[in-house]
Amino acid sequence: MEAGLMAKQAVVAKLDAFPARSLGFGSSVRGGSGTSRIGFEAPASIAWRKRSIRVARNGAIRSEVVVEQKASPPRKDKAGPGRLYVGLPLDVVSDGNVVNHGKAIAAGLRALALLGVDGVELPISWGVVMESGDWSSYLAVASMARDAGLDLRVSLHLHSHRRPRLPLPKSVDSAAVADPDLLFTDRAGHRRADCLSFAVDDLPVLNGRTPMEAYEEFFRSFRLAFADFFGSVVTDITIGLGPNGELRYPSFPPTGSNRFTGVGEFQCYDKYMLADLKQHAEETGHPFWGLSGPHDAPGYNQSPDSGNFFKDHGGSWETPYGKFFLSWYSSKLLSHGDRLLSVASEVFGDLPVALSGKVPFLHCWHNTRSRPSQATAGFYNADGRDGYEAVAEIFAKHSCTMIIPGMDLTDGEQPQGVRSCPQKLLSQITGACKRRGVKLAGENSSLVRVGTAGFTTIKENVLAENSRLDSFTYHRMGAEFFSPDHWPLFTEFIRSMAQPEMDSDDIPSNAERLSLSINSVPGNDRELQSA
Amino acid sequence: MLLVRWKPILHCPPGEHPRRGLAWPLGPRRSLLLRRPIRSPAPAFLTISSSKFSQAGRARVRPIVRAGLAQTPSLADVENTEILFSETLPLMRSQTVEGKITVRLDPTGTEEEVSKWRLTIGCNLEGKWTLHWGVSYCDDLGSEWDQPPPEMRPPESVLIKDYAIETPLKRLSSQSERQVLHELQIEFDSNTPIAAIHFVLKEQETGAWFQHKGRDFRISFTHYFEEGNSVGGNQGFSIWPGAFDQISSLLLKAEESTSKKEDPDDEDGNAVKQKRRIAPIYKEFPILKEEFVPNHMTVSVRRSDKTDKNIVQFDTDLPGDVVIHWGICKDDGRKWVIPSTPHPPATKIFRHKALQTLLQPKADGLGSWGLFLADKGTSGVVFVLKLNEYTWLNNNGTDFFIPIGSVSSTTTEIGSDDIVHEQQAGTEINDVRNSLAPNNSYPLQNKSLETSDPKNINSLPMKNQGTEEAKESVAYTDEIIKEIRHLVTDISSEKGKRAKSKEAQENILQEIEKLAAEAYSIFRISIPGFVELASDSELMKPAVKLSSGTGSGYEILCQGFNWESHKSGRWYSELRDKAKELSSLGFTVVWLPPPTESVSPEGYMPKDLYNLNSRYGSLEELKDLVNSFHEVGIKVLGDAVLNHRCAHFQNKNGIWNVFGGRLNWDDRAVVADDPHFQGRGNKSSGDNFHAAPNIDHSQDFVRKDLKEWLCWLRKEVGYDGWRLDFVRGFWGGYVKDYMEATEPYFAVGEYWDSLSYTYGDMDHNQDAHRQRIVDWINATNGTAGAFDVTTKGILHSALEKCEYWRLSDQNGKPPGVVGWWASRAVTFIENHDTGSTQGHWRFPSGKEMQGYAYILTHPGTPAVFYDHIFSHYQQEISRLISVRNESKIHCRSTVKITKAERDVYAAEIDGKLAVKIGPGYYEPPNGPTKWVVAAEGKDYKVWETS
């Protein structure tokens with residue numbers, strides 16, 4: 001396989017020559033949609049390579065394993081889903097830039113490794129690390145993962161968190177204090193501290209530098225610090241595209257609730273957004289449309305019917321103004337995503353890692369015509385339009401994998417009255433990606449809600465023929481994750497994921513699920529021993 | 001393993017040195033057991049090389065391979081029949097070859113050069129022999145070897161570390177008169193200050209070591225003093241056993257044959273002039289070397305036209321009498337069944353289980369043959385070979401299996417099983433002993449040697465393909481986590497392609513759960529308020545959350561017996577009279593003593609699990625008792641002793657490990673790692689209780705039987721739950737299994753190990769101790785609680801030494817299990833072991849009520865000991881229980897420690913109760929909540945909100 005071969009060469013060359021960027025084929029690998037494969041070939045071969053190297057280190061005692069591993073096909077070829085990851089706690093490195101409960105993380109990593117999980121996701125906060133430029137804590141966590149034999153997906157978060165507290169860099173904060181309009185702003189004038197407004201992406205607002213330049217600096221700093229990990233441990237880099245790390249506007253209420261089921265609000269009221277809107281309105285010949293956002297949109301927690309804008313029938317969204325506004329609003333989001341992914345491609349393009357980005361899973365009100373919660377978040381996916389096509393196109397352009405959270409959600413268990421339809425939304429997004437050749441990865445919405453049923457849904461979604469996820473990341477490690485209420489469910493899930501097509505006679509009875517089926521199948525025993 | 005006994009041979013070459021009758025140190029003439037090292041690199045044998053059996057018997061007939069078969073005389077009978085199956089099984093038989101090692105010491109110099117000597121060591125057996133040798137010097141009194149001086153080293157010598165050298169023996173082109181095949185000559189000068197030469201022989205091909213009576217050979221040149229006591233003095237040579245610490249491998253023993261020689265006459269007069277005198281020596285030592293002889297056995301199956309039976313023909317070239325120990329299998333099972341008559345001639349029935357048929361010698365005298373009939377409907381013939389009383393041949397630890405007819409499953413059982421692993425492990429233990437105790441000239445007998453039930457036979461040493469796996473599971477370290485992880489993945493993902501031994505898998509699963517539990521506890525503690533949050537959310541749930549680990553959450557446990565309760569013989573009826581009283585005191589659960597027949601009267605050495613007549617009373621009385629408790633609303637816990645079980649019978653070695661009664665398990669049900677009981681199960685998944693055979697819970701049949709038994713107890717006796725004895729002895733995951741199968745109302749396990757002390761002073765931080773208990777609870781998936789031994793231990797120190805500060809951990813939480821996982825902690829201060837008449841770990845005397853004031857006000861499920869209930873403490877205990885119930889304190893209540901100082905500890909529980917223990921002063925703050933005293937006693941006080 002050509003791609004596989006190239007990836008391997010890339011790995012080898014990288015190991016030899018890094019960080020010199022002398023690899024001519026780097027860009028060619030990443031151009032064109034067909035080569036998006038590379039992102040997934042590479043980790044597979046890396047994983048294979050890495051393993052044999054490690055084993056060789058212990059060669060004296062266990063040389064036979066080397067042979068075994070060489071003989072076994074690359075892991076990618078295994079039946080079932082792609083790789084399985086578990087997210088590390090968001091505050092695995094705290095806002096003081098120290099590793100948080102490292103002992104627990106170490107034990108947890110080993111447990112996951114033994115269980116057969118492929119890797120972990122490491123969230124890296126812009127604010128924590130760029131404060132001092134000190135990567136040692138994150139590197140320490142990466143080393144722990146490496147030592148446990150786990151791969152690493154790194155998420156580069158460009159937004160802030162309230163709980164656990166993970167702020168933006170101080171320099172950004174102080175710039176925002178000096179000019180609050182750098183932050184997203186809602187109709188009531190509330191500043192949203194989550195991240196910088198998309199409208200200032202290319203304005204020199206941070207001590208003469210643009211946010212995009214600052215993002216790039218962060219990326220490059222990461223690349224330099226993690227030089228030793230690419231190609232051996234780090235397999236994926238996820239670019240935080242907006243609030244919550246997702247490509248979206250912070251349309252949810254400022255007090256932030258995960259259970260938020262309202263329509264949300266447009267976030268176009270900082271002076272830079274408004275200026276852009278004004279300019280855009282004037283260019284299209286409707287200067288009056290550029291004075292403000294829609295006046296008849298509902299509030300954060302209201303239903304679509306409470307204002308006129310999102311009414312299913314006769315709502316303003318269907319008027320020329322509505323169309324004008326929604327196109328502009330969503331295009332700002334798309335161009336932000338496009339710009340950021342361009343920067344990321346440029347910084348990371350020659351590395352043997354896969355790039356990915358996350359889109360929000362806005363399933364509430366999906367069963368309406370106006371799809372208000374998607375609209376306020378920046379997805380113009382109203383009746384008659386497919387808002388996700390354009391998104392998929394951008395991801396395709398940058399050979400970026402699209403991460404979809406919410407793999408655990410089903411239509412049935414959604415609250416009544418919010419006209420939610422996660423399954424339909426999921427198939428819309430996966431359809432768009434499939435048409436554009438964009439790879440898909442999945443996440444769960446939240447650990448709290450995942451019960452036995454949630455895991456069943458995840459399994460169905462991950463294994464579904466038409467979606468073919470390349471990886472699934474389970475969020476997140478923490479006390480609840482390891483609690484006796486949750487951990488057994490998770491282990492069972494992992495085991496069943498790894499063995500999706502068991503014959504009925506091989507499935508141990510419920511009581512013995514964990515004790516495996518070896519004894520009941522004596523034939524297997526024999527093969528093992530002659531192996 | 002072949003066991004050979006032989007006697008020492010006295011070998012005295014006649015007339016060679018007739019003059020001198022020398023005091024020759026004769027070794028004790030013992031018979032020795034010859035043992036072949038299992039770790040020798042001999043090829044795998046007794047292995048059917050591949051399963052060549054045709055997939056669909058009839059369709060693909062395989063011609064008989066061996067020409068020899070056609071010569072067997074009786075083939076005419078069956079010649080026209082269809083061959084359904086034929087297979088030649090290669091066999092490896094060990095055979096002992098006797099040979100000798102010769103040691104000769106000659107002078108090589110002329111009259112003037114009397115100091116030149118030559119030591120010649122020879123061996124007359126085939127093989128690649130190497131002399132592993134060293135010297136000791138005169139001034140060195142230690143027992144260590146040294147390397148010989150360079151001039152002494154023959155060419156081709158290899159230095160071994162810094163204390164020995166190895167020199168290969170040369171094969172002689174022409175055999176000498178003594179028929180020495182291999183020889184090595186070492187030249188040396190007797191003036192060098194060498195006190196002795198030490199050596200052992202090594203045979204490179206088998207890796208076997210040859211020693212002299214369990215020690216190295218030693219040729220000693222003792223001092224000879226000039227003063228002339230030479231005449232009466234000992235002559236300056238002898239062979240002594242020397243130390244041989246360096247080689248830790250298996251050693252073959254050679255019995256000294258004590259040939260001896262004397263000094264030549266003419267040397268006598270020169271003795272005074274020599275500082276040291278060396279005399280020529282010639283000695284021979286017989287040795288036994290085991291060799292492997294390839295043999296084979298051809299088995300073919302034909303259809304008989306005359307009868308409706310299949311004819312199984314055995315043909316082998318094994319010499320001597322060969323007995324086939326055989327049976328047939330019906331259906332798919334592997335259960336041995338005796339075939340119907342007629343049996344072949346010379347057949348005996350062995351213990352109603354199998355037939356033993358002596359094969360007839362072949363006409364040419366090379367081997368023997370036999371024809372057996374197997375009934376229609378037989379799925380296969382199982383057999384092992386018996387060569388003599390001590391020698392059996394099996395198929396790598398399992399029976400040979402020959403499929404018959406058009407049976408679909410036509411694979412032979414190849415490969416080994418756990419038995420082989422165990423053998424391997426056992427061998428290594430022996431090795432260690434040999435190397436640690438070089439004085440032990442008797443090799444340890446391998447236990448399987450004397451097993452005579454052929455189904456248990458496992459007697460031939462073998463190196464098989466499973467060895468690596470076995471080692472893998474043993475050598476489990478952090479280092480190999482990645483590989484193990486890989487294997488785990490493989491187990492799950494590539495079903496059937498690879499697997500691991502069950503033991504290794506369980507090690508991994510246990511490790512995973514342990515790690516998860518560890519991560520959980522750290523995360524939980526490091527998140528402030530997490531525990532409270534969890535409790536809150538649990539509080540908001542429906543009032544009663546039933547779980548076998550907690551019961552209703554409001555349980556108060558009574559231990560309904562003490563160490564003396566068996567004495568009256570009618571404890572059940574005595575306790576029955578107290579049922580009402582216990583109920584009125586507020587107890588909701590009672591724990592009864594172990595009900596089974598037991599070797600010890602107290603019940604903790606159970607024997608026949610289904611015999612419930614014990615020293616406490618009969619089964620009927622027990623049922624009555626349980627009913628009486630149920631009538632007054634008390635749930636009843638049975639004391640289930642699952643860790644160990646006393647055997648009914650001895651095995652061949654006189655070891656008690658064969659069970660009787662309804663659960664007539666054999667030694668497969670016994671864990672392998674307690675040498676006292678020679679179990680053939682897997683290694684224990686926990687600690688061993690050394691007084692009785694520990695049950696191997698990893699065996700499916702054991703777990704199935706135990707589940708059945710527990711369910712039977714629930715149904716028959718009416719038990720509502722379990723108190724599980726000595727759960728340290730096996731993995732908590734099995735307990736989960738049992739709990740899920742028996743769905744108890746309440747269950748608690750006794751995980752008792754010692755706390756950590758530094759210089760006799762108990763450490764403040766007992767997190768490691770409670771962690772182990774929490775780990776166990778976690779492994780049970782929370783299906784069982786555990787006695788909070790940590791809390792008891794900390795109370796001991798706090799009360800005894802007036803160190804009440806101990807009652808708060810670093811996070812300001814209770815320092816016992818109750819501080820980490822209150823709902824699964826069963827707090828107690830005394831039980832039949834710690835207190836009663838045993839008093840293994842008695843609660844500080846006179847301070848019991850402080851202990852009860854603590855556990856009866858705090859979360860967790862408190863347990864009160866019988867002796868305390870029926871003592872002068874009853875009033876106070878009763879009061880505390882009613883306070884607990886009135887305030888609705890439950891196992892998940894929250895504790896706020898308000899004071900933990902030298903002489904006083906105080907806490908508020910759920911904001912409803914305040915408690916202080918210790919002589920110091922404490923009054924709860926009177927703010928918005930008004931506290932009124934609810935109970936009071938010596939050094940404790942309890943308040944409730946008014």
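Me: Where is the place of Thr255(A) in chain A?

Reply: Thr255(A) sits in the loop between strand E6 (234-239) and helix H10 (271-283) of chain A. Helices (H or I, at least four residues) and strands (E, at least two) are DSSP runs, numbered from the N terminus. Keep in mind that this is a predicted model, where local features need pLDDT of at least 70, side-chain atom pairs count only at pLDDT 80 or more, and totals for chains, interfaces and linings use all residues. Residues are numbered from 1 along each chain as its sequence is written, chains are lettered from A and ligands numbered from 1 in the order in which they are written, and side-chain values use heavy atoms, with hydrogens and water left out.

Me: Does Thr255(A) count as buried or exposed?

Reply: Buried means under 20% relative accessible area, exposed over 50%, and partly exposed in between (1.4 Å probe, protein chains only). Thr255(A) counts as exposed because its relative accessibility is 69%.

Me: Which residue other than glycine has a positive phi of about 65 degrees?

Reply: First the general idea: most residues other than glycine have a negative phi, and most peptide bonds are trans. Trp365(A) is the case to look at, with a positive phi of about 65 degrees. Trp365(A) lies in the loop between strand E7 (354-358) and helix H12 (372-377) of chain A, and it counts as buried because its relative accessibility is 4%. In chain B, Lys888(B) is not a glycine either and has a positive phi of about 55 degrees. Lys888(B) is in the loop between helix H18 (874-886) and strand E37 (895-900), and it is exposed, with a relative accessible area of 52%.

Me: Which peptide bond is cis, with omega near -20 degrees?

Reply: That is the bond from His475(A) to Arg476(A). You will find Arg476(A) in the loop between strand E10 (471-474) and helix H16 (479-482) of chain A.

Me: How many residues of helix H14 of chain B are buried?

Reply: Eleven of the twelve residues of H14(B) are buried, so the helix is mostly covered. Among them are Val789(B), Ile794(B) and Leu799(B). Their cover includes helix H13 (767-779) and strand E39 (913-917) of chain B.

How values were computed
Contact means heavy atoms within 4.5 Å.
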